[in-house]
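Let's take a walk through this structure together, going from the whole chain to its parts. Have the sequence and the 3D view at hand.

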Amino acid sequence: MSKKFYIETMGCQMNKSDTERLEGMFMELGYDKTTDQKEADFLIVSTCAIRQTSVDKAYSQLGVWGKRKKNRPDIKIGICGCAAEIDKDALFKRMPYLDLIFGTHNIFKFPEFVKRVENGEKVCEITTIPYPEPEELKLNRQDTVGAWIPIIEGCNNFCTYCVVPFTRGRERSRRPELIIKEAQKAIADGKKEITLLGQNVDSYGKDLHDPNITLANLLRELNKIEGKFRIKFVTSYPTDITDDLIEAVAECDKVSKFFHIPMQSGNSRVLKAMNRRYDREQYYEIYNKIRNRYDEVEITSDFIAGFPGETEEEFQDTLSAIEELKIDYSNTAIYSPRPFTKAGRMTDIFIPDEVKEERFQRLHETNCKMTLASNQKLVGKVYEVLCESQKEKHGKMMMNARTTTGKLIHFPSEKDLTGEFVNVKITKAQTWCLYAELVD
Ligand code: SF4
């Protein structure tokens, strides 16, 4: 009987993409996937370090597995991802039941790690030198209709609140031919949406020292792949969005008119303290340039409440920016101090928890108001949507689908249309979803 693996994935889409790679490599080694932790022979937690709560959650999961190992000493336990990068081999002292610790740069060395652990070795490999990607990559895709494809890893920006440059390292772009090959395979396998991933996708190609390798040109190449599918890319850095990229999005019919452009704060002094390379006015300029270029476009953003030293007036600039720009949707977060970061050392100007929480509540309410307003604009219009899954709700079969810009749509259908593009008329808007009916 084959051995079984279980991977618990926390955090961002990049981690989910890493898990697809790890699962593919596990399967090549003859392991089967299980969704039941209790029957797994090899357990791995893929960690996120963006907030301390995510790290605590990962360590608590490992504690549960460590207890299980007392009765089943044959099971192997591993940790990878951003928290592993921070705590490194100190984790062996804290969690002696661990067998494997590896970071974000050497994921393709995973088959070797598994073999060494199977032979009884305790392995810890954290490195800043990327291990090369194999020519043939086996992936175990999680999503039924879409494929997430990393194009660039790491970040050179060093925003003062962010741990990513310390965990994922400096920017490393994948060769365009590898990305195009992976996309072609995903489409040939029946995927209907490709999402290009990176901490800063607009930096794509800069480290490859060829002026023709840019995100704009990559979109143009991917747009040539035969078949009906959509292309998206996340996450964008405001001042790295070029005019050529805006034009490439306009000219490529398969590319969604969708941009995720984190602003983080609406106040120029706070943006400077965050080491963001733009001020409020520059963000407005880029945002409006994109808004005005297309007939219909969705622009989403990220905001932090309670950055060290943020005053009430400065926080209000964030609320006014969301309202003035009419941002379609925002990811909102309370500032969380992270190790190695400059802001994490600004302890004398930390904002008290209760103030941060109260600001976060107002940020959330403003986001809800603007998201609902954005959704209401769709009511009465017809959109092509990609069906993602079917579920029963109150005795009725409902399809879950998304517009090209990512809005979640529910509509009744007895037939399972998963993976199909259909036209729907929007009938009702709520904050987090819309309702629709099929049109012929
Ligand atoms: S751009 Fe800033 S927030 Fe985004 S990953 Fe890089 S350092 Fe972190």
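Predicted model: local features only at pLDDT ≥ 70, side-chain atom pairs only at ≥ 80, totals over all residues.

The domain assignment places domain 1 at residues 4–125, domain 2 at 146–376 and domain 3 at 382–438.

Now turn to the sheet. Which order do its strands follow? Reading across the open sheet of 6 strands, you meet β2-β1-β3-β4-β5-β6, and the pairing is parallel. The edges are taken by β2 (32–33) and β6 (123–125); each has a single partner strand, so one side of each lacks a neighbour in the sheet. In general, strands of a sheet pair through backbone hydrogen bonds, in either a parallel or an antiparallel way.

For a closer look at one pairing, follow β1 (residues 4–9): 2 bridges connect β1 to β2, and the two strands run parallel. Here K4 sits opposite D32 of β2.

Helices come next. Helix α2 (residues 52–71) packs on the sheet, where α2 touches β1, β3 and β4, and its direction is at about 170° to that of β3. Helix α1 (residues 13–28) lies across β1, β2, β3 (42–47) and β4 (76–81), and α1 runs at about 175° to β1.

Finally, move to the ligand. Which residues surround the ligand? They are C155, N157, F158, C159, C162, V164, P165, Q199, N200 and Y237. Sorted by class, this shell holds 7 nonpolar and 3 polar residues, with no charged ones.

How values were computed
Residues numbered from 1 in each chain as written. Pairing = 2+ DSSP bridges. Helix = DSSP H or I, 4+ residues; strand = E, 2+ residues; numbered from the N terminus. Contact = placed C-beta atoms within 7 Å. Axes fitted to C-alpha atoms, helices over the stretch in contact; angles between N-to-C directions. Near = placed C-beta within 6 Å. Nonpolar A, V, L, I, M, F, W, Y, C, P; charged D, E, K, R; others polar. Domains from an automatic or database assignment.
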